[in-house]
Amino acid sequence: MTTIDETAIRNEVAVIGALARGLHEFLAGLSGDELNAQSACDAWTVRDVAGHLTNRAERQIASMTRGRTGDSDPPAGFSPPADMMAMSAANADADIEYAQSLGDALVPTFEQRYRELHRLLDGFSGDDWRCACWHPRRGTMTAREYVSQRIQELAVHDWDIRSALDANAGLHPDAIPVLLGMSAHWLRAAYNPGEAPPAGEVRYRFALTDAEAMDVLVGPDGARAGAGLHQGEVDLTVECDANTYLLLAYGRLDLDAAVASGRLRAVGTHGLLQQFARWMVGF
């Protein structure tokens, strides 16, 4: 049985609180035009991203509340779309509608839902973190996994919002250690070779200037990622900081601009960095 590290969980709960408070303060200072500006997410404005985060907090509260009572079934009336791409499109449309329905109450509702989520998380302890909770993409995840997943969504979408209005925006520093740990799972899930899968295995090493190196192995049948994955030579070494690596991993980096500015340096087979960005697109 997996050991429950209460200290690590409490630290992550504190990161959720810091992210939510910081983003609420930022959103509360925006004008109507700024809320309606295009975000870094193609399908969403800043308002829509805030609505998405609010809606997901509501869903997490419901899932974790039911999960602690032993109920990990989908909510009544939930009908899963045919595939992940259809689910993403349906979620995007639903979040836009949700954000519009809140009108001027969007930002206050964001703040209220994250206060409610924080109170819920504060009430979990011990074996509560092992309970299975419903999640639409994964079927179920443990309450403990839901904590890290909330950091991932908050941190990445915080950047989506801020970068629309500040070209120098970066990921929240408190979230970076958690995102580094989650990026291995994310890259495995995000791998989508489309019509141009690799003919054989491709070995990447991201030599991070401020964290442990991350290795990625891409092949015809999927992708794996993790620290120390490669023991021999690699096909491409990418030198950058953790913030840049994570923005690339989550499909948020303007690759050409990052290379031109020296923010990122690739050493190895030409073209593999661009190919990495095309493969890791998610759904």
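Of the 21 residues of helix α6, 18 are buried, so this helix is largely enclosed by the rest of the structure. Here, buried means under 20% relative accessible area, with exposed over 50% and partly exposed in between (1.4 Å probe, protein chains only). The model is predicted, so local features need pLDDT of at least 70 and side-chain atom pairs count only at pLDDT 80 or more, while totals for chains, interfaces and linings use all residues. Residues are numbered from 1 along each chain as its sequence is written, and side-chain values use heavy atoms, with hydrogens and water left out.

Helix α6 covers residues 143-163, and at 1.5 Å a residue it should span 30 Å; its end C-alpha atoms are 30 Å apart, which agrees. The expected span is 1.5 Å times one less than the number of residues in the helix. I151 lies in this helix and, at 0% relative accessibility, counts as buried. Leaving aside neighbours within four places in sequence, I151 is in contact with E12, V15, I16, L19, A175 and V178, where contact means heavy atoms within 4.5 Å. Between I151 and A213, 62 residues apart in sequence, the C-alpha to C-alpha distance is 21 Å.

The whole protein can be described next. Its secondary structure comes to ten helices and seven strands; helices (H or I, at least four residues) and strands (E, at least two) are DSSP runs, numbered from the N terminus. A compact globule of 283 residues would have a radius of gyration near 19 Å, and the protein agrees with its 19 Å. That radius is taken over C-alpha atoms, and the globule rule is 2.2 Å times the number of residues to the power 0.38. Along the principal axes, the C-alpha trace spans about 50 × 50 × 40 Å. Of the 283 residues, 45% count as buried. Among contacts with a separation of 6 or more, 72% come from residues 24 or more positions apart.

Helix α3 (residues 46-67) holds R56 as well as V49. V49 is buried, with a relative accessible area of 0%. Not counting residues up to four places away in sequence, R56 touches N91, D95, R150 and E153.

One of these partners, D95, has its place in helix α4 (residues 84-102). At 0% relative accessibility, D95 counts as buried. With residues up to four places away again left out, D95 touches W44, H52, N55 and R56.

Turning to the strands, C240 belongs to β6 (residues 236-240) and is buried, with a relative accessible area of 2%. Apart from neighbours within four places in sequence, its contacts are A207, L208, T209, Y245, R263 and L264.

As for charge, the protein has 24 positive and 39 negative side chains, and the centres of the two sets lie 4 Å apart. Lys and Arg count as positive and Asp and Glu as negative, while His and the chain ends are not counted; each charge is placed at NZ of Lys, CZ of Arg, CG of Asp or CD of Glu.
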